[in-house]
Amino acid sequence: MDVKEKLLQCFLNIGVVIDDTEDDVDLKEYITDSVQFIAAIVEIERIFSIEFPDELLLFSVFDSFNGLVKIVESILKEGNEVRSE
């Protein structure tokens, strides 16, 4: 499962169904309040075993689904994965 598919699953896990038939979507149309935003961040961090840097904990991160895919890929590439001890 690639990053895009895993992100779609993350949103589905919190009850948000993203229309993945479009080339890109504005996630702000799907994430309508702060509770959903926090739930999405927590679920993404859990599924990918990553931690978003503080500077990315902004609602503007959800401007674009494709942009979020790139952010998660970048975090994974940089090795900001949460290590279990």
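**Entry: the cavity**

I began with the lining of the largest cavity, whose residues divide into three nonpolar, one polar and six charged. For these classes I counted Ala, Val, Leu, Ile, Met, Phe, Trp, Tyr, Cys and Pro as nonpolar, Asp, Glu, Lys and Arg as charged, and the others, Gly among them, as polar. I note that this is a predicted model, in which local features need pLDDT of at least 70 and side-chain atom pairs count only at pLDDT 80 or more, while totals for chains, interfaces and linings use all residues. Residues are numbered from 1 along each chain as its sequence is written, and side-chain values use heavy atoms, with hydrogens and water left out.

I then listed the lining by name: K4, I18, D19, D20, E22, D23, D24, V25, F65 and N66. How many cavities of 30 Å³ or more does the structure hold? I found one. The volume of the largest cavity is about 40 Å³. A cavity here is a set of points on a 1 Å grid over the protein atoms alone where a 1.4 Å probe fits but cannot get out, and its lining residues have an atom within 4 Å of a point. The volume is the space filled by probe spheres set on the points, which are joined across faces, edges and corners.

**Entry: the aromatic pairs**

Rings of Phe, Tyr and Trp (its six-membered ring) pair if their centres lie within 6.5 Å, and planes over 60 degrees apart count as edge-to-face, under 30 as stacked and the rest as tilted. Helices are DSSP runs (H or I, at least four residues), numbered from the N terminus.

Are the two partners buried or exposed? F11 is buried, since its relative accessible area is 1%, and F62 is buried as well, at 0%. Buried means under 20% relative accessible area, exposed over 50% and partly exposed in between (1.4 Å probe, protein chains only).

I next looked up F37 and F62, whose ring centres are 5.0 Å apart with planes at 70 degrees, so this pair is edge-to-face. Because F37 lies in helix α2 and F62 in the loop between α2 and α3, the pair ties together parts that are 25 residues apart in sequence. Both F37 and F62 are buried. I recorded F11, F37, F59, F62 and F65 as one aromatic cluster.

**Entry: the nonpolar core**

The largest nonpolar core has 24 residues, and those with the most contacts inside it are L7, F11, I44, F62, L68 and V72. Each of α1, α2 and α3 supplies at least two residues of this core. Such a core is a set of buried Ala, Val, Leu, Ile, Met, Phe, Trp, Tyr and Cys residues joined through side-chain atoms within 4.5 Å.

Which residues does F62 touch, not counting those up to four places away in sequence? I listed F11, D26, L27, K28, I31, F37, A40, I41 and L68. Contact means heavy atoms within 4.5 Å.

I placed A40 in helix α2; A40 is buried because its relative accessible area is 3%. Residues up to four places away aside, A40 touches F11, I14, I31 and F62.

Beyond four places in sequence, E45 touches I50, E51 and F52. From E45 to V72, 27 residues apart along the chain, the C-alpha separation is 9.3 Å.

C10 has its place in helix α1, whereas E43 is found in helix α2. C10 counts as buried because its relative accessibility is 1%, and E43 counts as buried at 10%. With neighbours within four places left aside, C10 is in contact with E43, I44, I47 and F48. On the same terms, the contacts of E43 are C10, N13 and I14.

I finally turned to S49, in the loop between α2 and α3. S49 is partly exposed, at 36% relative accessible area. Its phi is positive, about 55 degrees, although S49 is not a glycine. C10 and S49 are 39 residues apart in sequence and 12 Å apart in space, C-alpha to C-alpha.

Technical notes. On a 1 Å grid over the protein atoms alone, a cavity is a set of points where a 1.4 Å probe fits but cannot get out, and a pocket is an open set with protein on both sides within 12 Å along at least five of seven lines; lining residues have an atom within 4 Å of a point.
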